[in-house]
Amino acid sequence: MTTSQQQGERRNRREPGERRGRRAWDRCARLAGLTAVPGQIDRFYLTPEHRAANDLTARWMKESGLHTWLDEAGNVHGSTGQRDSRRPRLLIGSHLDTVPDAGRFDGIAGVMAGIEVAGGEWAANFPFDVEVIGFGDEEGTRFGTALLGSRAVAGTWDDRWWGLEDENGISLDRAFAEFGLDPERVGDASYAAKNVVGYLEVHIEQGPSLDRARIPLGVVSSIASARRFEIEIIGEPRHSGGTPFDERHDALLGAAEAVLAVERFSIEHSVIGTVGRMEVEPGAVNVIPGRAVFSVDLRAHHDHQRDDIIEQFRELVTEVADRRGLRATMKQLHEAPAVYCADRLKEAVRAGIADVQDETPPELFSPAGHDAMAIDAITEVGMIFMRNPDGISHHPAEYVSPDDLGAGIAALAHAVQSLA
Ligand code: GLV
Ligand code: MN
Ligand code: MN
């Protein structure tokens with residue numbers, strides 16, 4: 001076959017993906033309207049917006065001919081088989097929740113792509129059920145701990161999470177009840193004992209490599225190891241004018257030293273460290289800060305890199321607190337080990353991508369977290385990344401073109417067919 005014939009064949013194979021890419025893209029735009037704050041996208045776990053997103057997603061799943069249900073952790077499922085099917089099941093998933101003031105595609109595009117694949121003409125006669133899951137919490141925005149939806153499915157739920165509270169003091173167990181879920185039954189969402197043959201996820205790249213290389217799709221090699229902490233520093237709130245420097249116990253200055261150390265240690269140890277949130281009390285211009293609370297988010301290729309800097313950071317915080325007469329506590333909110341995509345699924349994904357794009361897909365490390373990290377506890381995982389202009393994400397300008405989304409859908413469909 002000549003090169004131009006091969007390219008022509010590839011075009012033919014891409015075509016159903018292109019139609020489906022446009023529809024999935026339009027659905028991401030529809031879901032963007034389901035938000036707690038009009039004019040931006042804020043959709044958090046177990047909120048009325050989450051319910052509305054589940055309902056609309058379930059409607060689209062049904063229209064595609066899938067059987068649908070809501071599980072005991074608030075995740076929405078759509079499958080070629082019934083919930084109680086005894087056939088093996090191949091899972092495709094991503095999340096429907098967002099960060100504050102988010103873009104339209106992080107997570108959402110993967111769920112919409114999954115519906116196109118499970119509900120497509122190509123899904124007929126597979127030796128397994130193809131099941132799409134729209135997970136309710138990947139970002140951890142509402143309760144601080146991430147991947148709650150996918151961890152329920154993986155059977156790695158931790159009962160200590162029930163007492164976590166959102167910013168309004170609503171505990172996770174109360175949020176379950178208000179959503180109509182029974183906390184006692186969260187274990188029923190678990191697939192740990194089921195016959196799961198693998199998990200695939202399509203996601204926008206949240207960095208610029210594909211865009212810079214001008215390549216639509218890439219194969220994910222591994223997902224970063226992560227830990228998140230909340231650090232609280234207590235000092236003494238006193239008059240900003242009358243208190244001499246040698247009598248001050250300024251919580252914010254202690255926090256500032258610690259925040260700069262997060263950057264310094266991270267650069268020294270090839271870790272990605274970020275302080276994204278800080279609250280200072282009492283928060284008055286003429287009062288020395290008496291309390292500062294801030295987050296630390298750490299990611300690395302391998303677990304030991306991330307863990308090494310935590311010890312170093314803990315020592316630094318203790319030293320700063322002693323020197324400044326402060327009290328400091330450090331609470332871990334989230335931990336996930338590095339996850340390596342399975343060779344057989346990377347091969348399937350690579351074959352799927354080769355069917356729709358001329359360029360050899362690069363292997364990409366994901367510094368961003370994904371539901372695949374949690375599902376790795378029960379089955380092997382594989383991921384496809386789609387090009388995102390400038391790599392901007394967790395921002396309203398986040399983007400994937402309908403064509404690239406269509407390519408992602410076609411590649412995922414071919415990957416699933418190759419596994420079948
Ligand atoms: C989720 O997008 C994360 O990487 O935190
Ligand atoms: Mn995200
Ligand atoms: Mn995501």
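Visitor: What lines the second largest cavity?

Guide: In this predicted model, the lining of the second largest cavity consists of His-95, Asp-97, Thr-98, Val-99, Ala-102, Gly-103, Asp-106, Glu-139, His-394, His-395 and Glu-398. The volume of this cavity is about 40 Å³.

Visitor: How do you know how many residues of that lining are nonpolar, polar and charged?

Guide: The classes follow from residue type: Asp and Glu count as charged, Val and Ala as nonpolar, and Gly as polar. On that basis the lining of the second largest cavity has two nonpolar, five polar and four charged residues.

Visitor: What makes a residue a donor of the manganese ion (ligand 2), and which residues are its donors?

Guide: A donor is an N, O or S atom within 2.8 Å of the metal. Asp-106 (OD), Glu-139 (OE), Glu-139 (OE) and His-394 (NE2) lie at 2.0 to 2.7 Å from the manganese ion (ligand 2), and therefore they qualify. Along the chain these donors follow the spacing D-x32-E-x254-H. Asp-106, in the loop between β3 and α3, and Glu-139, in the loop between β4 (129-135) and α4 (148-154), are 33 residues apart, a pair that links distant parts of the chain.

Visitor: Why are Asp-106 and Glu-139 called buried?

Guide: Buried means under 20% relative accessible area. Asp-106 has 6% relative accessibility, so it counts as buried. Glu-139 has a relative accessible area of 9% and is therefore buried as well.

Visitor: Which residues are the protein donors of the manganese ion (ligand 3)?

Guide: They are His-95 (NE2), Asp-106 (OD) and His-203 (NE2), which lie 2.0 to 2.3 Å from the manganese ion (ligand 3). Asp-106 lies in the loop between β3 (89-95) and α3 (108-118) and His-203 in strand β5 (residues 196-204), so this pair ties together parts that are 97 residues apart in sequence. Asp-106 coordinates both manganese ions, ligand 3 and ligand 2, which are 3.6 Å apart.

Visitor: What makes Arg-83 and Glu-72 a salt bridge?

Guide: A salt bridge requires a side-chain nitrogen of Lys or Arg within 4 Å of a carboxyl oxygen of Asp or Glu. The closest N and O atoms of Arg-83 and Glu-72 are 3.0 Å apart, so the pair is a salt bridge. Arg-83 sits in the loop between β2 (76-79) and β3, and Glu-72 in the loop between β1 (67-70) and β2, eleven residues apart. A search of the whole structure finds 34 salt bridges.

Visitor: Why is Arg-83 called partly exposed, whereas Glu-72 is called buried?

Guide: Partly exposed covers the range between the 20% limit for buried and the 50% limit for exposed. Arg-83, at 28% relative accessibility, therefore counts as partly exposed. Glu-72, with a relative accessible area of 11%, is under the 20% limit and so is buried.

Visitor: How do you know that Asp-307 and Arg-227 form a salt bridge?

Guide: Their closest N and O atoms are 2.9 Å apart, which is within 4 Å, so the pair qualifies. Asp-307 in helix α8 and Arg-227 in strand β7 (residues 225-234) are 80 residues apart. At 26% relative accessibility Asp-307 counts as partly exposed, whereas Arg-227, at 13%, counts as buried.

Technical notes: Residues numbered from 1 in each chain as written. Chains lettered and ligands numbered in written order. Predicted model: local features only at pLDDT ≥ 70, side-chain atom pairs only at ≥ 80, totals over all residues. Heavy atoms only, no water. Donors = N, O, S within 2.8 Å, 3.2 Å for Na, K, Ca; no water. Helix = DSSP H or I, 4+ residues; strand = E, 2+ residues; numbered from the N terminus. 1 Å grid on protein atoms, 1.4 Å probe; cavity = no way out; pocket = protein on both sides within 12 Å on 5 of 7 lines; lining within 4 Å. Points joined across faces, edges and corners; volume = space filled by probe spheres on them. Buried < 20%, exposed > 50% of the residue type's maximum accessible area, 1.4 Å probe, protein only.
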